[in-house]
Amino acid sequence: YIPHHLAHAPSAFLVSPFEEAAILTVDGVGEWTTTAWGVGRGNGIEMRGEIRYPDSLGLVYTAVTTWLGFEANRGEGKVMALAGLGRPQHLDRFREIVGLRPDGSFCLDPGWFRFQRGARMWSPRFEKAFGPPRVPGSALDDRHYAVAASLQAVLEESLLAMTRDLRSKTGLSDLCIAGGVSLNCSANGRIADESGFDRVFVQPAAGDAGAALGAALAAVHLVHGHPRRAALRDAFLGPEYPVHRMRRAIAAHGLTALEPAEGELLERTARRIAEGAVVGWYEGRMEFGPRALGHRSILADPRHPEMKDILNARVKHREPFRPYGASILAHEAGNWFDRATPSPFMLFATKVRPQKRAQIPSALHVDGTCRHQTVTREDNGRYFELIQEFERQTGVPMVINTSFNDNGEPIVCTPEDACGCFVRNQIDVLVLGPFLIEKADGGAP
């Protein structure tokens with residue numbers, strides 16, 4: 001049996017590129033632990049401290065997520081995006097809610113929440129201070145923006161306090177993070193910039209799904225003592241399907257496909273993106289974790305000022321305040337972002353350089369950040385070549401990258417899933433392995 005946070009810890013450290021590193025795991029609650037920290041060296045991990053329920057940053061974030069009218073354990077990313085629209089004018093009150101200690105740990109004032117009873121996670125005291133909860137689906141206003149911004153600010157303060165303390169305690173220069181809270185890209189960006197660690201690794205399935213990986217790694221390395229293998233350089237751990245299965249799916253959906261030479265396929269696909277087309281891109285093994293990373297992705301032109309609205313109207317049907325991420329050639333990241341830190345799993349939000357912002361309006365959040373993925377030829381060769389071809393045609397070394405799925409549905413896995421999503425939605429082009437399929441004017445195939 002592997003305890004919950006002892007599964008999170010190896011899921012990050014034992015696949016990281018670091019021989020030794022500090023480790024921080026933060027989530028809602030696992031058994032009774034909500035936060036844990038320790039040190040990894042070689043194939044071993046020593047957990048040195050923990051914070052226990054009900055003191056939980058994850059539960060606070062989920063409670064406020066539900067007060068804001070979003071679904072628990074699904075809407076937290078929406079709140080992170082919503083925070084960019086507001087000012088943290090309630091930060092002092094949230095600092096009362098989440099009390100930081102001198103050692104970087106924290107404790108909650110229990111009067112604000114009801115985690116253990118009732119249908120609502122917040123207490124009447126919370127409602128008295130911030131007003132009635134938002135009805136799901138109703139309009140958002142400045143009151144909601146301010147609460148979201150204050151919540152995000154106190155989360156970032158807390159995580160920065162913990163990581164700075166870890167840097168001081170351990171004397172180590174590298175940090176590994178796991179747990180559901182570490183899917184918060186805005187907080188991760190600040191940790192990378194301000195914690196004092198030289199390098200920060202966040203594993204691609206940092207939430208509870210990644211605990212399965214961590215438990216397996218714990219058994220192999222911590223229990224049986226086997227040496228570590230190569231670092232996890234990409235997240236393509238899922239299934240892949242042969243060309244004949246793709247051909248059969250195309251026929252079953254009544255589609256007509258071309259099979260051009262590879263160079264022609266990349267040139268035509270990049271040209272269609274540059275012309276404003278919405279492209280479904282499907283190849284190889286499926287990604288492990290919540291982010292599409294160029295194997296099950298919808299791609300679009302970040303230069304197009306209305307592309308975010310086009311994607312929302314035609315495919316994703318998301319809230320208009322939510323930004324889209326982008327994939328950039330890794331060697332170009334420092335020219336476009338304030339930080340050139342490798343981000344192969346799209347888990348850091350980074351400031352776009354001011355002089356570049358006007359060129360990529362649809363990949364830019366209102367706070368001037370972009371959640372980006374760095375792409376290398378070594379780890380993601382075909383996708384790299386597509387983006388490189390787009391750069392050759394446009395001068396911009398990045399494309400919008402969002403998950404290939406209907407709104408609320410899982411990311412497509414099989415060729416049949418991809419063809420079905422293509423047919424149901426106003427996606428203009430589908431690249432399915434070696435096949436190129438186009439619609440006329442986003443309509444019927």
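A: In this predicted model, the second largest pocket holds about 630 Å³ of space. It is lined by 33 residues, among which Pro 17, Phe 201, Pro 342, Ser 343 and Pro 344 are the closest to its centre. A pocket here is an open set of points, on a 1 Å grid over the protein atoms alone, with protein on both sides within 12 Å along at least five of seven lines; a cavity is a set where a 1.4 Å probe fits but cannot get out, and lining residues have an atom within 4 Å of a point. Grid points are joined across faces, edges and corners, and a volume is the space filled by probe spheres set on the points.

Residues are numbered from 1 along each chain as its sequence is written, and side-chain values use heavy atoms, with hydrogens and water left out. Local features need pLDDT of at least 70 and side-chain atom pairs count only at pLDDT 80 or more, while totals for chains, interfaces and linings use all residues.

Strands β7 (199–202) and β12 (369–375) each supply at least two residues of this pocket's lining, and β7 has the largest share, four residues. Strands (E, at least two residues) and helices (H or I, at least four) are DSSP runs numbered from the N terminus. By class, the pocket lining has 22 nonpolar, six polar and five charged residues. Ala, Val, Leu, Ile, Met, Phe, Trp, Tyr, Cys and Pro count as nonpolar, Asp, Glu, Lys and Arg as charged, and the others, Gly among them, as polar.

The largest cavity contains about 90 Å³, and its lining is formed by Leu 24, Trp 37, Asp 103, Gly 104, Ser 105, Met 162, Asp 165, Leu 166 and Lys 169. Helix α6 (residues 142–170) gives the most to this lining, with four residues. The classes there are four nonpolar, two polar and three charged.

The second largest cavity holds about 30 Å³. Around it stand Leu 57, Val 60, Tyr 61, Val 98, Leu 151, Val 154 and Leu 155. Helices α2 (57–67) and α6 each supply at least two of its lining residues. In this lining, seven residues are nonpolar, with no polar and no charged residues.
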